[in-house]
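Trainee: I have a model open and some terms to sort out. Can we go through them one by one?

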There are 2 protein chains.
Amino acid sequence: MKEDLTVRGMRDYYPAVFSRLDHIVQAWRKTALSYGFEEFDGPIIETLELYKIKSGDEITSQLYNFKDKGGRQLALRPELTPTVARMVAKIQNEAPKPIKWFSIPRCMRYEKPQRGRLREFFQFNVDIIGEDEGLSDVETIGVAIDSLVSLGLGSDDFVVKINNRDFVSGYFEQIGISEERTTRLYKIIDNAGKIDPSVTDQQIEEFGLTKDQRRALEQYLAIGNTADLEGMKYTNRGKEALLEIFSYIDSAGFGQFCALDITIVRGLDYYTGTVYEIFDKGERMRAICGGGRYNHLLREFGGAEVPACGFGMGDVVLGEILDKKGLLPVYSKKVDCFLVRITEEQLPYLLEAARRLRRKGHVVEYAYRPLGVKKQMAKASKSGARTAMIFGAEELREGKVILKDLSSGEENTVELDSALA
Amino acid sequence: MKEDLTVRGMRDYYPAVFSRLDHIVQAWRKTALSYGFEEFDGPIIETLELYKIKSGDEITSQLYNFKDKGGRQLALRPELTPTVARMVAKIQNEAPKPIKWFSIPRCMRYEKPQRGRLREFFQFNVDIIGEDEGLSDVETIGVAIDSLVSLGLGSDDFVVKINNRDFVSGYFEQIGISEERTTRLYKIIDNAGKIDPSVTDQQIEEFGLTKDQRRALEQYLAIGNTADLEGMKYTNRGKEALLEIFSYIDSAGFGQFCALDITIVRGLDYYTGTVYEIFDKGERMRAICGGGRYNHLLREFGGAEVPACGFGMGDVVLGEILDKKGLLPVYSKKVDCFLVRITEEQLPYLLEAARRLRRKGHVVEYAYRPLGVKKQMAKASKSGARTAMIFGAEELREGKVILKDLSSGEENTVELDSALA
C-alpha cells in the first residue's frame, strides 16, 4: 500500500459520509425554496483581487491562491459573498427586486484543520438584495431557524443572538468615542460574551475611557433583553430597528429561538444594521451561522448602492452537533427489488425486466455473475431489498414470475407484465 | 462599473442557468440510484502526484496545479477516476463487492475554453468495482443510456459505440505488430472514424506494414457490425466478450442505442476490455460520454488488483445538445401562495401563517415593505403564485381569510386554521 495520498484538511465523502452531508444539504435547500429563494452558484475559482476588495491583503494568508499558467492571480473561494456581489453587480439593473438567492457552495480555506474547521466545507448562503431593514432581515433569520428545525433541532439546542450595528455605533458615537477607536472597542465587546468578565474589565481599563464613558459602556454591557432596551432613554435608528425586528420575530412565532445579545458585532466592517449569530447551547457555545445587513457592500464590487442582507451557515460544526444529538440518519442503501434467475437461460427476461422497472424509477439490482439461487437470495437479503422477483423457466412459460416478500417470506406467482406495470 | 472580474472559462450559474444544470444533475442521480449505485464524492484538491500516477508528467500542463503555503504540490481535480482509485484502495479489503458508486463531481481543466469545453464542468461518474467483464459493463452502459433517455433523448439523437481493447490488441498481436508500436496504431484507428479515409490511408502507409499486415488492417477497419465479427475466422477473448455484451444489450432492450465500432480504442492506456463512447447524431458527431473497463488501474494507486469498469459524462456538451433540441425546461420560479395584507395591522397574522405554511413545505412569499393591496396583488401575479391568501381585519375577526385563485380569479372566504392545515 502506498502512502496516504489524501490532502490534509480535505474530506473523502464515502457513501455513508456523503449521505450525512446530503441530509443537511437537502434540508437547507428545501427550506430556502419554501421561502421563495432561487438557487444559484458561482465558480470555485475567482480572481484573488475579488477577495482583496472586501478583506484587504491579509486575506491572502487564509485562502488557497496561485498563479495560473497564464500568470493570473487566482484564488479558490473561501466564501460566497464576493461572488454574490460580483454576480449581482452584473445584472442589478435588469433584475426585479428583491433578488432572493440561495446557494450551497463548496468552499476552501487555508486554515489549520481542527474540530469544526476543515479546509474544504459547504456553506449555506441566503441573501435578499434590494430591501431595507425590517422584514427582509427577519426572513433570512427565519430561513436559518427553519432549516435547523427541519433537521430536528429545537430551542433547547440553539439560539439566534441578534444585535444591530447602527445601535452599537450610534451608542458609542453619542458617548463621544471616535470612529477610529470603535474597531478596537468592537473587539472587546465581541469577546465580552465569550471570556471571563475580569479580562473584559482589564481590556476596557487599557482601552482608556473617561468616567462617564466607562459608566455608559457598563450600562451598554448590562443590556440583557429587549425590555432593557425599551427602558433606555437613549435612542437611535438602530434601537428602533432592533425593537421592530423583535416584534416581527414574535409575531412569526420565532421568539423562542431568538435573544437580543449586545455583544454580537460581527468583526468584519461591512455590516451596517441587523447582525446575528446562531450558537448551539452545548457545553461549548459554537457559532453555527452568522449574518446580517450589508448595505454598502455591492457598491464596493462595482455595483450600485443597494440594501442587502444575508447569512452563511457551514456544514462542519452543524454536522458535529447533529451527530452528537443522534439527528443524522443511519445510512442504508435503498433497493426496491432484487431479481433472481433460476438458471442463466432466464437472464434475457431478467435484463429486460430490470430495464423496464428502473425506467419507472424503481431501484433494481441483480447478480452480475452466474450464481446458484441460494446465493442470489442471500445477496437479495443483504441488499436490503423489500422484494425478490424470481425468474424460473416454468413460470416464464406462462408469462409469470414469483414475487417474494423478503421480510414476511410470502411468495406469489404473478403475471410478469402486471408486475412490471 | 469595474472591469469584469470573472475568470475566463468559468461559469456564473445564475438561477436560470443553475436550473438547467440541476435538471441534468437530477436525471443523472435518479438513474444511477435506480440501478442501485451509491453516491459519493472526493475533495476538489488532490496531490499533483495522484494525477501523475496515471497520466505521467504531461498531465501538469492540462490541469490547475499549485504549491500551497506548506509547499505541497497540489492540483484541482481534472477528473474523478484517480480519486475513486485512491478511495477504493483504502477500503477495498472490508467493502462488500461489487462496489457500485456514482458521483457528480465539479472538475477543473486548464484548457483553451471553446464550444463544449470549459475550464469548470460537472461530470457524471459511474463505476462498478469487483466484477469481471460481462453484465457489469452492460450495467454501466445501461445507466448512461437511461440517463440520456430520461432527459428526452432517443436513438435518433445518440449512439453508444462499443469496442473491446482485448480484441484490438489480440488482433494486432496475431498479425505480428509489436506491442510498442500499437499506441501509434491505436491513434490511427481512433482517427479513422473521424477524418477523411485518404488521410488514414496515408497514415497507414507511413506507419510501415508488410503486405499481409496491411491487408489484415484493412479487414479490421472493414468490420461494421457484430455479424461481420461473427463471420471472422479470427478469434480471441475480446471477440467473445464483444459478442456476449451485444447479446446482453439486445436482451435488455438497449440494442437500438448501441453499435459495434472498431475505431473506438480510448487513447488512455489503462483500458483493458470493453470500451465505449457515446456520440450525438448531430451534424458534428461529438462525444457525450466515454468509458470502459480498467482492471489494472486500482493496483497502480496502491490497491489490490481488482476488476473495474465505469464511465464519465460531462455536462457541457450534453447541455448544448439538450438546449439545441429544446429539451431543457424553461426556468420559472415556483411559488404556491402569496400572502397579502389589507393594512399593516394584519402583518402579525400573515407572518405566523407564512411560517406555518412554509414548515409544511409550501412555497410562500409576501411583500417586505408596506404596499397597497393593488400593488401586493400585482406582486402576487408576477411571482407566479397559484393562490393569494388575503388577510383583512373583518375576516380575521371571525378567524377567516380570503383565498383567491390567481388564474380563475375566484375568491373564497375560509377558516384561517383550515387554510393552514
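Trainee: Which residue is the bridge partner of B:I45 in strand 4 of chain B?

Mentor: B:L76 is the bridge partner of B:I45. Keep in mind that this is a predicted model.

Trainee: What makes strand 2 and strand 4 of chain B a pair?

Mentor: Pairing needs at least two bridges. Strand 2 and strand 4 (residues 73-76) of chain B have three bridges, in the antiparallel sense. Therefore they count as paired.

Trainee: What is the strand order in the open sheet of chain B?

Mentor: The order is 2-4-3, with antiparallel pairing.

Trainee: Why are strand 2 and strand 3 of chain B said to stand at the edges?

Mentor: Strand 2 (45-47) and strand 3 (65-67) of chain B each have a single partner strand, so one side of each lacks a neighbour in the sheet. Neighbouring strands of this sheet are turned by 40° against each other on average, direction ignored.

Trainee: Which helix lies across these strands?

Mentor: Helix 2 (residues 48-55) of chain B lies across strand 2, strand 3 and strand 4 of chain B. Helix 2 runs at about 65° to strand 2 of chain B.

Trainee: Now chain A. Why is A:R359 called partly exposed?

Mentor: Buried means under 20% relative accessible area, and exposed means over 50%. A:R359 has 36%, so A:R359 is partly exposed. A:R359 lies in helix 13 (residues 347-359) of chain A.

Trainee: How do you know that A:R359 touches chain B?

Mentor: Contact means heavy atoms within 4.5 Å. The residues that A:R359 touches are B:I145, B:D146, B:V149, B:F254 and B:F257, not counting residues up to four places away in sequence.

Notes. Residues numbered from 1 in each chain as written. Chains lettered and ligands numbered in written order. Predicted model: local features only at pLDDT ≥ 70, side-chain atom pairs only at ≥ 80, totals over all residues. Heavy atoms only, no water. Helix = DSSP H or I, 4+ residues; strand = E, 2+ residues; numbered from the N terminus. Buried < 20%, exposed > 50% of the residue type's maximum accessible area, 1.4 Å probe, protein only. Axes fitted to C-alpha atoms, helices over the stretch in contact; angles between N-to-C directions.
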